[in-house]
Amino acid sequence: YETETHVVVVADMPGVPPDDVDIDLERRVLTIHGRVRREAHEGYRRLHSEYGEGDFERVFTLSEEIDQDRIEASHRNGVLT
């Protein structure tokens, strides 16, 4: 979404811990990469998983009007902002 002064990207990243998120900005291309790892719980057998194990990636081309030096990111409760 866009405000008067900011463009905000909100990405749901269920099952992706902060250490498994990579954000890369090269020229005007913003790449968000996440990895979901399968958790093994001792003494339990998996019956169903809503999200599978694996990687995912989203790529955005930024406008030249975006001040790349002011880009910030935070990851909380499975949501990257």
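Modeller: I begin with composition. The residues that line the largest pocket comprise 13 nonpolar, 6 polar and 7 charged ones. Please bear in mind that this is a predicted model. The mean pLDDT of the chain is 87, and 98% of its residues reach 70 or more. Among the elements of the chain, confidence is highest in β2, at 93, and lowest in β4, at a mean of 88.

The volume of the largest pocket is about 880 Å³. Its lining is made up of 26 residues. Those that lie nearest the centre of the pocket are V7, V8, I66, I71 and E72. Two strands, β2 (21-26) and β3 (29-36), are the elements that give two or more residues to this lining. Of the elements, β2 gives the most, with 3 residues.

The C-alpha atoms of H6 and I71 are 9.7 Å apart in space, although 65 residues separate the two in sequence. H6 belongs to the segment before β1. With a relative accessible area of 44%, H6 is partly exposed, because that class covers the range between the buried limit of 20% and the exposed limit of 50%.

I turn next to the two strands named in the lining. β2 and β3 run antiparallel and are joined by 6 bridges. Two of the residue pairs may be named here. D24 has T31 in β3 as its bridge partner, and L25 stands opposite L30, also in β3. The hairpin that these strands form has 2 residues between them, and there R27 takes a positive phi near 60 degrees. On its way into β2, the chain passes through the loop between β1 (11-12) and β2, where D19 lies. D19 is exposed, since its relative accessible area of 75% is over the 50% limit for that class. The C-alpha atom of D19 is separated by 15 Å from that of G54, which is 35 residues away along the chain.

The pairing continues from β3 to β4. These strands pair in the antiparallel sense, over 8 bridges. Within this pairing, V29 has T61 in β4 as its bridge partner. In general terms, strands of a sheet pair through backbone hydrogen bonds, in either a parallel or an antiparallel sense.

Charged contacts also involve this region. A search of the whole structure finds 2 salt bridges. One of them is formed by the side chains of R35 and D55, at 2.8 Å from N to O. R35 lies in strand β3 and D55 in strand β4, so this pair ties together parts that are 20 residues apart in sequence.

E64 is exposed, with a relative accessible area of 66%, whereas R28 is partly exposed, at 34%.

β5 is joined by 2 bridges to β6 (residues 79-80), and the two run antiparallel. Across this pairing, H75 stands opposite L80 in β6.

To return to the part you asked about, the lining of the largest pocket draws two or more residues from each of β2 and β3. These strands form a hairpin.

How values were computed:
Residues numbered from 1 in each chain as written. Predicted model: local features only at pLDDT ≥ 70, side-chain atom pairs only at ≥ 80, totals over all residues. Heavy atoms only, no water. 1 Å grid on protein atoms, 1.4 Å probe; cavity = no way out; pocket = protein on both sides within 12 Å on 5 of 7 lines; lining within 4 Å. Points joined across faces, edges and corners; volume = space filled by probe spheres on them. Helix = DSSP H or I, 4+ residues; strand = E, 2+ residues; numbered from the N terminus. Nonpolar A, V, L, I, M, F, W, Y, C, P; charged D, E, K, R; others polar. Buried < 20%, exposed > 50% of the residue type's maximum accessible area, 1.4 Å probe, protein only. Pairing = 2+ DSSP bridges. Salt bridge = Lys/Arg side-chain N within 4 Å of Asp/Glu carboxyl O. pLDDT = per-residue confidence, 0-100.
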